[in-house]
Amino acid sequence: MLTYKDMTFCVNDKCKKPCSKKLTEEITEKANKFGLPLAVSNYFCTDCGEDNESEEMS
């Protein structure tokens, strides 16, 4: 039986501390192998440092 956790993955490259939602090559390869779709978003990162946060908010 195949189970699939439906979730949106993050593609924000500016994050210094990626969380469990970070899209990795492994996740992409497994989804492609099974023919499953991937939902992605560029989430706002709260752990990017002060400079990046001010750029994102302006």
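Asparagine 12 sits in the loop that runs between E1 and H1. The model described here is predicted. The residue is buried, since its relative accessibility is 4%. Its side chain comes to 2.9 Å from the backbone nitrogen of lysine 14. Residues up to four places away in sequence aside, asparagine 12 touches Lys22, Asn42, Tyr43, Phe44 and Cys45.

Valine 11 belongs to the loop between strand E1 (8-10) and helix H1 (25-34). At 33% relative accessibility, valine 11 is classed as partly exposed. Apart from neighbours within four places in sequence, its contacts are Lys22, Leu23, Val40, Ser41 and Asn42.

Cysteine 10 is buried, with a relative accessible area of 6%.

| Residue | Relative accessibility | Class |
|---|---|---|
| Cysteine 10 | 6% | buried |
| Valine 11 | 33% | partly exposed |
| Asparagine 12 | 4% | buried |

Two cysteine sulfur atoms count as a disulfide when they are within 2.5 Å. The closest cysteine sulfur to that of cysteine 10 belongs to cysteine 15, and because the separation is 5.0 Å, the pair is too far apart for a bond. Under this rule, the count of disulfides is zero.

Methods: Residues numbered from 1 in each chain as written. Predicted model: local features only at pLDDT ≥ 70, side-chain atom pairs only at ≥ 80, totals over all residues. Heavy atoms only, no water. Buried < 20%, exposed > 50% of the residue type's maximum accessible area, 1.4 Å probe, protein only. Helix = DSSP H or I, 4+ residues; strand = E, 2+ residues; numbered from the N terminus. Contact = heavy atoms within 4.5 Å. Polar contact = N/O pair within 3.5 Å; in protein donor to acceptor, adjacent residues only side chain to side chain.
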